[in-house]
Amino acid sequence: MDAGHSSSTSTTSADAALSGAPAASAAGGVVGLVSFKHHCVCAYRMVLVARGRSSSHLFLSFLVPRHSVSRSELWTLRSRRMLCTTSTVSQWSSAPLSITCHQLPNQHSPSVKKVAAACWRKSVEEKISRQLHTFRSYRHYNTIPGNKLPHRDLQTRAAGHTMTEISKHSKEPDNISYLSQADAAAIDALLMGPLGFSIDQLMELAGLSVASAIAEVYGVHQYPRILVICGPGNNGGDGLVAARHLHHFGYKPSIVYPKRTDKPLYHGLVTQLESLSVPFLSETDLPQHLKDNFDIVIDAMFGFSFKGKPRPPFDTLLQRLKVPNDSGAEDAGVPFVVSIDIPSGWHVEEGDIEENGLMPDMLVSLTAPKKCAKHFQGAHHFLGGRFVPPAVVEKYGLELPAYTGSSMCVRIGKQTSIDVAALRENYVGAVLLEDQANPDPIKQFQVWFEDAVSAGVHEPNAMTLATADAEGNPSARMVLLKGYDERGFVWYTNYGSRKAGELSDNPRAALVFFWDKFNRSVRIEGPVEKVPEEESDKYFHSRPRGSQIGAMVSSQSSVIEGRHVLDQFYKDLVDKYADGAVIPKPDYWGGYRLHPVRIEFWQGRESRLHDRLRYTLTSKGGENKIWCIERLAP
């Protein structure tokens, strides 16, 4: 994002710029025919018909595919004083919907073009929830009374994309779009003109994207010290915003901002950082080897609109960030370099043609990669700026990788290399001391488990279940905890599965939980037994009907001919119980309870000196169990 100022385009011309619609005819009759493309998937036809010059009623009709309009929908566009209704069509109909829009009578009627633009904007708004480049997750929790856990009906879908397509776009850079300088500037003008964005909104989203990409690759504990070098333009503003977000992420940013922009927006960004006690440094304050004081340098000097040769002091700063050909970054004292949108010193389309630019380790492209990004050879290329509306995607025919979940950035291509031995995290933060631990391990587990749920840990009840057969051959798999109390820990499965067979031969097991947000793990060991039939039956009927049918369909761990076997059986059972009748729990499905005799709580600590407290059951003592707590060496 590197636009210079907001467009002053009028409403009417802005609408035309967005849609490409022809001007309205002064006479009545057919005004125009406009063709719209939606990511090369479908076309829209719009016909404008005026009923006469003196009439204050205008009629607009256009055809859209069935999936782009909800059923029996009523739109009220108060800002345009228009009432739009859609006809109701069967959900599975392949016929298009006919949408009619009647302007309410008013002596100050808007032009035909404005009516068309209003409807076009409405269609854009409707398609926002179906963007081809949006990946959504829907989570629904149904709580179960007491200490029994919530069960989740999780549905994940990619709008307009299969998972294969999403993976393809993110791993194959040749399949995505790269912008020229002219297109990049035009898109910025469109965003800040007809599409209603302000420069500070785009800058905020861009800076958050950069900070998110850095946090995804460079952990805050291992690379906390960040130097942000900001230029005088919008790219520098993106760097200031990124620095603020990185501060809130736990990093320790410092700013070099030698040529400050004298505008209220930039004054505000500087004030925000100063209020957080983020230091502003002079270029003369920097050490000879930047790596002595900083782990990462963010290059926010020049964006795609920059031309010419860098002037002081940026020319010197660029040279300090370059790694000589005859030495490595370590020898040159250069930290990891992250460039925002364009590596400084590069031509926006041709790359480092002068061979005076940076060779960053990470590039965070904004809106869409620029053509120079094809020449990027660093380890990490991300796309950020999750603000591109469908109208821009369609107008420029953009092919962009899909963002997943709530992420503000998405990786382009694969990492050039992965040094598995170098992957490490230095755990800093929480501690686990004897005087802080609850003497009852079940209550201590409850504290940690509720922490994980409150923090939004994905699948907080996911656990590894390890079993062994009669000969001692181990196996492990992930299952979901569905209840816990002083009696033990419960999960449900098919009694004909491999784990069930092993538990029948060797009724002992181990469970392992890991909650990475807290660097915490819990290991639980003990004998296992089936839960009472009534308990299994009660839980079975608390599950969504689809899950109940799924339990009947799958003969778990058995070999089947193909996926079609499951799909057909599932369809047959859905039809069988379509009347809403109670679905009986299969006899071969039910729960297990592990009765803990050893529970270990593990808290990650710095320098691998972790805290480990082991609870061992020494006496059942009726209702009052006696647990011995011991500290183990990490």
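In which sense do strand E12 and strand E13 pair, and over how many bridges? Strand E12 (residues 296-300) and strand E13 (residues 336-340) run parallel and are joined over 4 bridges. Two strands count as paired if DSSP finds at least two bridges between them. Helices (H or I, at least four residues) and strands (E, at least two) are DSSP runs, numbered from the N terminus.

This is a predicted model, in which local features need pLDDT of at least 70, side-chain atom pairs count only at pLDDT 80 or more, and totals for chains, interfaces and linings use all residues. Residues are numbered from 1 along each chain as its sequence is written, and side-chain values use heavy atoms, with hydrogens and water left out.

**Confidence**

pLDDT is the predictor's confidence in each residue, from 0 to 100. The chain has a mean pLDDT of 77, and 70% of its residues reach 70 or more. Over residues 2-171 pLDDT stays under 50; the model has 314 contacts beyond four places in sequence for this stretch. A contact means heavy atoms within 4.5 Å. Where pLDDT is low, the predicted coordinates should not be read in detail.

An open sheet of 8 strands, with mixed pairing, has the order E11-E10-E9-E12-E13-E14-E15-E16. Its edge strands, E11 (280-281) and E16 (409-411), each pair on one side only.

| Partner of E24 | Sense | Bridges |
|---|---|---|
| E22 (residues 520-530) | antiparallel | 6 bridges |
| E25 (residues 611-619) | antiparallel | 6 bridges |

Arg523 stands opposite Glu600 in E24, and the bridge partner of Gln603 in E25 is Asp611. Of the 6 residues in E24, 5 are buried. Buried means under 20% relative accessible area, exposed over 50%, and partly exposed in between (1.4 Å probe, protein chains only).

Gln603 lies in E24 (residues 598-603) and is buried, with a relative accessible area of 1%. Its side chain reaches the backbone oxygen of Asn519 at 3.4 Å. The Gln603 side chain also makes a polar contact with the side chain of Arg520 (3.0 Å). A polar contact is a pair of N or O atoms within 3.5 Å; within protein, one must be able to donate a hydrogen and the other to accept it, and residues adjacent in sequence count only if both atoms are side-chain atoms.
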